[in-house]
Structure formats: C-alpha cells, structure tokens
Amino acid sequence: MKKTLQKINELMDLGIIKKYAIAGGMAQFYYIEPSVTYDLDLLVNIAEEENTLNPFAKIYEWAQSNGYPPLEEHIVIYGIPVQFLLAYNDLVKEALDKSEEIVLFDEKTYILKPEYLMAILLQTDRLSDKERFAKFLSEVDYDNNSFLEIIERFNLSGVYKRISGV
Amino acid sequence: MDKNYISHIAESKTHYHKTSAKMPYEEKIKVIVKLQQIELEMMKKNKTRKNSNRFRKVWQIY
C-alpha cells in the first residue's frame, strides 16, 4: 500500500490531479472496524477539467506509461485496484475540500473526515451504507456538532432520524 | 436464558468491535487482505455465492 500511495502522490506532483482523498470503504475502515473490500476509492480534482468527455484521460495515459493495467473501472497500482472518482455532488465536493492530511505507511496522504463519510453514507442510503453508518455511531469518536451541521445543510436530517431512530 | 448472560455477551462484542476500530490502519490492511483470502476461498467452495467482479482478487502487497 505504501508504494500505491507513493504513486498516487506522484499524480499530484506531476500536476495530473489537483487534489485527492481516500474515500469509500478504505476511508471508512480508517475509523471503523475493517471488513472485506477489494478496491481503493479516490475522490479527485482533475487538473485538466476542460477534457469533460474523458476527464481521466491523463490518468490513464500515466497508468499506461507506468505499466499499471486497467481492470474494469479500476487501475491496478502495485496490486491494489484503484478507482478514481470525480466529486459528483456538492456534499462530496465539500468532503474532498475539507479532507484531512494524514500519514500512512510513512507516506503523506489525504482522507475524508468521519463526519463527511457518515453524511455520504446517509446520502447514498443503501442497505450496506446503513450497516456502515451504524458502526460509525457505535465505534467512532466523531464531532457530533459538525456532523449535525453537515446533514442539516444537505437535507439529510430526515434520513438520519429514520435510520438512527433519534 | 439469563438476561445478564445475553447482555454480557452483547457488551463483550461491542467492546471487541470498538477495540478493532481503534487498531492502527496498517494492521487493518493486514486484516482486510486476510478477509479477502477467506471470502474468495468461501466463494470457490460455495457456488451459490456470486463473484461477478473481476477486480475481486487478493491484494498482492506483502
């Protein structure tokens, strides 16, 4: 994973992506008990946003020149299938903007904060998201005020009440 | 069934999950890879389990 993170950071150094953060299951497992997952989701701000038809073109070029094979919607970087995702709505954009710098395997990286991951789980609202959300409630010392403020602004308070029974 | 017994088990499980949540991320990655091995083995043995995603492979990172 260290080498994977090094290569992802290289994308920023090269100016191919402006910003990224670990999202999805691998971000959730930073805070909650881990369970099985097979890919690493990365939210990214692409440097060349004018290429709207294929925003990941530069990333795929970079992957090809480095010998990292595509696998379905992923690129396998040092054994880990990495999925690059654009911030697809305002909540996710803000989550990426406010992501936190951390160090993993002695590498600098970025990760979504727990309050945003929880809000995104409420927004996606699939069965598996509800289960993960419950784990955040019972296992994580998150900032409740910040979480409530986020879900209020993004109209997710109703979902929260329905799921948590508050 | 003794209610204390059941609540004790529930408390114990909650404590276990909270402790697992607090382990270092590097250790969690090892757990994830182990779980990948277990799940894929179970999928092989149990044909009723679906594995439609080609990217479901054990991470070769160690």
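Helices (H or I, at least four residues) and strands (E, at least two) are DSSP runs, numbered from the N terminus. The model is predicted, and local features need pLDDT of at least 70, side-chain atom pairs count only at pLDDT 80 or more, and totals for chains, interfaces and linings use all residues. Residues are numbered from 1 along each chain as its sequence is written, while chains are lettered from A and ligands numbered from 1 in the order in which they are written.

Chain A contains eight helices and seven strands. The radius of gyration of chain A is 16 Å, close to the 15 Å that the globule rule gives for 166 residues, so chain A is as compact as a globular protein of that length. Here the radius of gyration is taken over C-alpha atoms, and the globule rule is 2.2 Å times the number of residues to the power 0.38. Along the principal axes, the C-alpha atoms of chain A fill a box of roughly 50 × 35 × 25 Å. Of the 166 residues in chain A, 38% are buried. A residue is buried if 20 or more other C-beta atoms lie within 10 Å of its own, exposed if 12 or fewer, and partly exposed in between, with C-beta atoms placed from the backbone. Among contacts in chain A with a separation of 6 or more, 67% join residues 24 or more positions apart; two residues are in contact if their C-beta atoms, placed from the backbone, lie within 7 Å.

Chain A is divided into domain 1 (2-112) and domain 2 (115-164), with bounds that come from an automatic or database domain assignment. The C-alpha centres of the two domains of chain A lie 23 Å apart. In the contact between them, 10 residues of domain 1 of chain A meet 11 residues of domain 2 of chain A. On the domain 1 side, α2 (24-31) and α4 (90-97) of chain A each supply at least two residues. The residues of that side divide into seven nonpolar, one polar and two charged. In this classification Ala, Val, Leu, Ile, Met, Phe, Trp, Tyr, Cys and Pro count as nonpolar, Asp, Glu, Lys and Arg as charged, and the others, Gly among them, as polar.

In soluble globular proteins, nonpolar side chains tend to be buried together. The largest nonpolar core in the model has 53 residues, and those with the most contacts inside it are Ala21(A), Ile22(A), Leu42(A), Leu112(A) and Ala119(A). The largest share of this core, seven residues, comes from helix α5 (residues 114-124) of chain A. Domain 1 and domain 2 of chain A each contribute at least three residues to this core. A nonpolar core is a set of buried Ala, Val, Leu, Ile, Met, Phe, Trp, Tyr and Cys residues joined through C-beta atoms within 7 Å. Leaving aside residues up to four places away in sequence, Ile22(A) touches Ala27(A), Leu40(A), Leu42(A), Thr109(A), Tyr110(A), Ile111(A) and Leu112(A).

Several loop residues of chain A were also examined. Ala47(A) is found in the loop between β2 (40-46) and α3 (57-66) of chain A and is partly exposed, with 17 C-beta neighbours inside 10 Å. Apart from residues up to four places away in sequence, Ala47(A) touches Gly15(A), Ile16(A), Ile17(A) and Lys18(A). Asp125(A) lies in the loop between α5 and α6 (127-139) of chain A and is partly exposed, with 14 other C-beta atoms within 10 Å. Asp125(A) and Val159(A) are 34 residues apart in sequence, and their C-alpha atoms are 8.1 Å apart in space.

Most residues other than glycine have a negative phi. Glu72(A), in the loop between β3 (70-71) and β4 (74-77) of chain A, has a positive phi near 50 degrees. Phi of Asp106(A) is also positive, near 65 degrees, and this residue is found in the loop between β6 (100-104) and β7 (107-111) of chain A. Glu72(A) is exposed, with 10 other C-beta atoms within 10 Å, and Asp106(A) is exposed with 9 C-beta neighbours inside 10 Å.

Chain B has two helices and zero strands. The radius of gyration of chain B is 17 Å, well over the 11 Å that the globule rule gives for 62 residues, so chain B is more spread out than a compact globule. Of its 62 residues, 8% count as buried. The contact between the chains takes 22 residues from chain B and 24 residues from chain A. On the chain B side, α1 (3-21) and α2 (25-45) of chain B are the elements that give two or more residues, and α2(B) gives the most, with nine residues.
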